[in-house]
Amino acid sequence: MHDPATAPTVRFSDGEQWPALGLGTWRYGETAARRSEELHAVRTALETGYRVIDTAEMYGEGGAEHVVGEAVADALRARVLDRSELRIISKVYPHNASRAAMRKACEASLRRLRIDRIDLYLLHWRDLTDASLWRQGWV
């Protein structure tokens with residue numbers, strides 16, 4: 001097993017360090033036929049030392065977050081890692097980038113991920129059709 005303590009890291013401006021490599025989950029959760037394969041991939045990544053997982057509400061319309069949530073819950077239960085070692089990134093759809101919709105989208109992501117916090121929550125891409133988001137400081 002790879003030792004996460006020796007993995008390359010990135011230092012942020014606040015001094016916090018994250019592993020430089022992570023697992024992306026684009027195309028996960030799109031079909032039930034691949035679910036066990038996807039769960040195995042996330043579990044194996046965690047067992048081999050991956051400590052950053054990137055997902056989004058748009059991946060499989062929340063299905064990828066379900067896969068990540070189940071795999072992370074299994075890994076935590078099996079004491080493969082502690083939650084404090086793990087960084088989970090998720091992203092909100094541009095059409096959910098209003099105050100009310102973003103809060104609901106984040107809460108839904110938290111439920112699917114089975115966690116109490118998302119470590120980095122991003123706007124999936126800039127939606128330049130709504131300049132009011134720029135004026136409000138959301139993007």
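**Pocket, core and fold of a predicted model**

Pro-4, Ala-7, Thr-9, Gln-17, Pro-19, Arg-51, Glu-85 and Arg-87 form the lining of the largest pocket. The structure examined here is a predicted model. The volume of this largest pocket is about 150 Å³. Sorted by class, its lining consists of three nonpolar, two polar and three charged residues. Among the charged residues of the lining are Arg-51 and Glu-85.

Arg-87 is part of strand E5, which covers residues 87-92. The relative accessibility of Arg-87 is 14%, and Arg-87 therefore counts as buried, since the cut-off for buried is under 20% relative accessible area. When residues up to four places away in sequence are not counted, Arg-87 touches Glu-16, Trp-18, Arg-51, Val-52, Ile-53 and Asp-119. Arg-87 and Leu-120 are separated by 33 residues in sequence, while their C-alpha atoms are 7.8 Å apart in space.

In soluble globular proteins, nonpolar side chains tend to be buried together. The largest nonpolar core of this model has 24 residues, and the members that touch the most other members are Val-42, Leu-46, Ile-53, Val-72 and Leu-86. At least two residues of this core come from each of helix H1 (35-47), helix H2 (63-77) and helix H3 (99-113). H2 supplies the largest share, with six residues. With residues up to four places away in sequence again not counted, Val-72 touches Leu-46, Ile-53, Leu-86 and Ile-88.

At the level of the whole chain, the protein contains four helices and six strands. Read from the N terminus, the order of these elements is β-β-β-α-β-α-β-α-β-α. The protein chain has 139 residues, of which 40% count as buried. Among contacts with a separation of 6 or more, 71% are between residues 24 or more positions apart. The accessible surface of the protein chain is about 8,100 Å², and carbon and sulfur atoms account for 52% of this surface.

Conventions: Residues are numbered from 1 along each chain as its sequence is written. This is a predicted model: local features need pLDDT of at least 70, side-chain atom pairs count only at pLDDT 80 or more; totals for chains, interfaces and linings use all residues. Side-chain values use heavy atoms; hydrogens and water are left out. A nonpolar core is a set of buried Ala, Val, Leu, Ile, Met, Phe, Trp, Tyr and Cys residues joined through side-chain atoms within 4.5 Å. Buried means under 20% relative accessible area, exposed over 50%, partly exposed in between (1.4 Å probe, protein chains only). Contact means heavy atoms within 4.5 Å. On a 1 Å grid over the protein atoms alone, a cavity is a set of points where a 1.4 Å probe fits but cannot get out, and a pocket is an open set with protein on both sides within 12 Å along at least five of seven lines; lining residues have an atom within 4 Å of a point. Grid points are joined across faces, edges and corners, and a volume is the space filled by probe spheres set on the points. Accessible areas come from the Shrake-Rupley method with a 1.4 Å probe; for residues, only the protein chains shown count as cover.
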